[in-house]
Amino acid sequence: MEFSIKAGYMIRPISHLSSQVQSPIYCRPIPRIKALPCMAASSDYPKKRTRKSLVPKTQRSSPRGFSPRQQVGTSTSNKENTAKEGNDTISRSNEQTIPERKSSAVLNKTIASEEAEAVESDEKGVSTFRNGRTDLGGIKEENLSSINNLLDDSNDQIITRDAGDAVKVWPEQEDKSRLSTTSDTVISDSLKPVVINVEGQLEGVIVDQEQDGDESLDKQIIDSDVEKVEEVSNEGEEEEEAVEVDPEIQKRILNEIAEETVVKGGKIFCYPQVLKADQPCQVFLHRGLSALVNESEIFIKGAFNDWKWKSFSAKLQKTQLPGDWWSCQIHIPKEAYKVDFVFFNGGGVYENNGYKDFYLNVEGMSPSEFDEFLVQEKRREIQRLAEEQAERERLAEEQRRQEEERAGKEADRAQAKIEVEKRRQALHHLLRQGLTSPDNLWYIEPASFKGRDRIKIFYNRNSSPLVHSNEIWIHGGYNKWQDGPSIAERLTSSDRNDGDWWYAEVLVPDRAIVLDWVFADGPPKNAKIYDNNKNQDFHATVPNCISEEIIWADEEEYTYNKLQEERKSKEEAVKRKAEKTALMKAETKARTMKSFLLSQKHIVYTEPLDVVAGRPVTVFYNPSNTLLNGRENIWLRCSFNRWTHPVGLLPPQKMAPSGNNSHVQATVKVPSDAYMMDFVFSDGEDGGIFDNRNGMDYHIPVAGGLQKEPPMHIIHIAVEMAPIAKVGGLGDVVTSLSRAVQDLGHNVEIILPKYDCMNLSNVKDFQFSQSFSWGGTEIKMWFGKVEGLSVYFLEPQNSMFWTGCIYGGRNDAERFGFFCHAALEFLLQRGSTPDILHCHDWSSAPVAWLFKEHYRHYGFGSARVVFTIHNLEFGGNFIGKAMLNADKATTVSNTYAREVSGNPVISPHLYKFHGILNGIDPDIWDPYNDNFIPVPYTAENVVEGKRMAKEALQQRLGLEISDSPLVGIITRLTVQKGIHLIKHAIFHTLEKNGQVVLLGSAPDPRIQGEFVNLANQLHSTHGGRVRLCLTYDEPLSHLIYAGSDFILVPSLFEPCGLTQLTAMRYGSIPIVRKTGGLYDTVFDVDNDKERAQARGLEPNGFNFEGADPAGVDYALNRAFGAWYNGREWFQGLCRRVMEQDWSWNRPALDYLELYLSALK
């Protein structure tokens, strides 16, 4: 038997290169190969045996340089397919190895020189080697994978290339003369099977040879499933015999590789030349041919898989190979498919293959498998971090809870002491007054008693308020009514004849020091006439009561436990309410996101609707509703992560018909690290006409990505902010928009003037920040938290904002211009680098041009300016200049944007002008957590909640308690708000037997006087059905929103309007005029079904056109008809409007899109 062994698989990578230590081609000794007997199956041997793989395995981690090969075939059915003549016999395993070099013959001859002696086979025909061992010329442990080359994959026959290359194993019972020593001979088929077991490595490499006359033996020992291979003996495996490989052989091989590398113009090579994952390799560099030719030290640094995995570095050592070769060893991780590296001198001199870097391919994972591995690694890392964060939060919450519990107990203990001390002092005061009975009124028998005794209390009803009562009852307690009335007994007539005496038997409470009681004509809750000792009640001491110290200590403990129960009950109720509030918010936000994704379904949508990272998604596009209508072909241009993903812009993809009306479709694989999908459409592969959503592009959020969107830094510069400096809706917008964007994970700050009239009680952690000089004055900066937002207060020491008001000064333009310039100067001196500067209305419009003219080239020039018009009625010149200089501009609704698009300060800039609706703050306007209404309610119990709120409103304002439609009006009384329509609506509602409540005031004294006269008239003629409250009352406004059935908003123009949004939040149905934001938010139940569906909504109110009484009547009549004739339908409408989301959830997403488009 002969073995053909490849030299390329026999040499271990060099691990010691220093010539001072040993030869650079030194190889550690390896164990010899041991041939062990293979057990043949017999009739009495179990048929089902442990499956034994032919792939070499280890019982520990593989040694360096060892690489198990793919499973060797075991079928014996194709032996005749192998040529058996001369040079035609070639092992297929040779085709899988690296090409042979001339030196392989030398090594093979050395190996072949050591022949094994055969031993006699056992009676079952199994051959063994003498002494169970044979030597293979120093083959090392790390190179035992070369044994895989011993077998031909197709027929499992052992072959030789020439006599010098063979290792011969001689079964003792066979005649040696039968084995040919000529080149290219084939081992006789008559030999019996032999199992070669390499200690600790190969568990079953089988050399099969047919047994004469027994073809079934092959099937018993070697079948295709390897189920019949027996466990081989491990006896003696711990024994290893160290044999050193001839250094000259290995040196000759490396010399040849090095020589060939230089001949081919190379400067590096590796060994082994076929790299495999999870194995070491040797990297060689010819210093003399590299950029490091003059360097005394050489280092390598690199990573794997296109520099994406596990960086490494090492120092190279000079080798003894001919030429200027240096070398080091690196270990290739199991995840590698490629090694990337460069060489350098430890400083700034590099050999990087002409800026292309060096790389070597590795037999291991494929790039796609590695990408999937990275995804899973990242997911595991994210999960680990999330678990760690959750654990930290849990521990922090537990610590917070324990601290709160400790503080609560201390507070309860202190409160118990206070309450008990108050009761003790009050009781002692009573005792000092003397507790004696007036003559002939009452007395107690026996005179001496203690707690838990039964006593009789006698009462003489003569000359008392109860003299004519048929029944007499005692209502009593103890210790100055400590636990309230706890005694109730009916008195019985006494036999005593010196008066009209009655008595009752009473059990004395065990903790009583003083008894307290009154007499009445009936039991508790049914008595009408009382004798309470002229409002002083009756009292008597308990003569033999237990020690006061014991009583008061017990009373303190009792009070403490009671406070504990009350506190915990309240905390649990608050917790349940908070959890429900959070759940409702999450559900509302989810509905809003779905609505956001479906809002442009008539143009574009995806399947699935929720795009998930790492999965394919199909984009559907309807060009018939866009500027690409009628184009023959549509191309999708897509990328990810706001067009910043490393994959870049994907190749244009031609969209195919979808079979869904006029939609076309294309499918895209979403990367695992995507958080946003970005796309536009065109009519040509190379360009043409683009639909990019008016410069905003199309964006769809991606869920489950390995990366999160990086936060933006947004700074609002404004002159109003609710609740600390609010005049109108601007203050609400600044606060609510900032909170909503901050909740989405972005960094938001606000700069505000520090007015002397500002209410700082709503500012937390208010503190001085810094000061600087600018504009000829010192400017002090203060910092605090308002509604969870970081706010900087700018206070110039020139008294500009010490005027007692926000607006109304003769120099408002000068004041606010100074503020805008100083705010930018503060940001510059602080070193801020914001992404967005957001200014509002005319008052902070100067930010737009001051930034462009003075600051864009000084430190934070990458910022973009966004300008929002809240009301075009004021400051037209300032607004026009801001529109010119802003990067993006908005107003507070789409319809208002169209209405003002013809204004000369707007029309030149329509390309950057957008309408984005305002929202309301769902925490301020929340009927479930509103302290100003009698009962908290949600959409689930809106009918009951609004019924009780209406009753409370009617009682508070002195209206009739009746079930009639109630119209609420909450407004500023100005011409803009349609005051002539308001007056008409009041009278029309009264004609329809409804009720009206108006809350508001007029800044114009003339208009205010008109409404005062109207109020006097209506209150005198319809006092039970109308009330005009001509002021502003925040708590009353909450009650009106909750108690009204309808809210009327008949504005002549309305940029956005928050009143109708708040009304729906409380389940009140809006009645509005079609203008501005009113038209964008209220969809008529009779006329706007399709318009509502286009927004992903359902109709939610009543609207009218025109500015005359007929329009108001049209809307009011339909509303009252629904209330009177379709009460069940009307109540369903109340539930529907409560479930619609008019918070800042959706507008915040729109503003983020705008911010990002400004930065694009």
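Reader: Which residues are linked with E405 in a network of salt bridges?
Author: The network joins E405 to D412, R567, K568 and E571. A salt bridge here is a side-chain nitrogen of Lys or Arg within 4 Å of a carboxyl oxygen of Asp or Glu. This is a predicted model, in which local features need pLDDT of at least 70, side-chain atom pairs count only at pLDDT 80 or more, and totals for chains, interfaces and linings use all residues. Residues are numbered from 1 along each chain as its sequence is written, and side-chain values use heavy atoms, with hydrogens and water left out.

Reader: How many salt bridges does the structure hold?
Author: There are 63. One of them pairs R567 with D412 at 2.7 Å, N to O. R567 belongs to helix α5 (residues 548-598) and D412 to helix α4 (residues 367-433), 155 residues apart. Helices (H or I, at least four residues) and strands (E, at least two) are DSSP runs, numbered from the N terminus.

Reader: Is R567 buried or exposed?
Author: R567 counts as buried because its relative accessibility is 13%. D412 is buried as well, at 8%. Buried means under 20% relative accessible area, exposed over 50%, and partly exposed in between (1.4 Å probe, protein chains only).

Reader: Turning to R1127, which residue forms a salt bridge with R1127?
Author: The partner is D963, with the closest N and O atoms 3.4 Å apart. R1127 lies in helix α20 (residues 1127-1139) and D963 in the loop between α12 (942-957) and β44 (966-970), so the pair ties together parts 164 residues apart in sequence.

Reader: And is D963 buried or exposed?
Author: D963 is exposed, at 56% relative accessible area, whereas R1127 counts as partly exposed at 28%.
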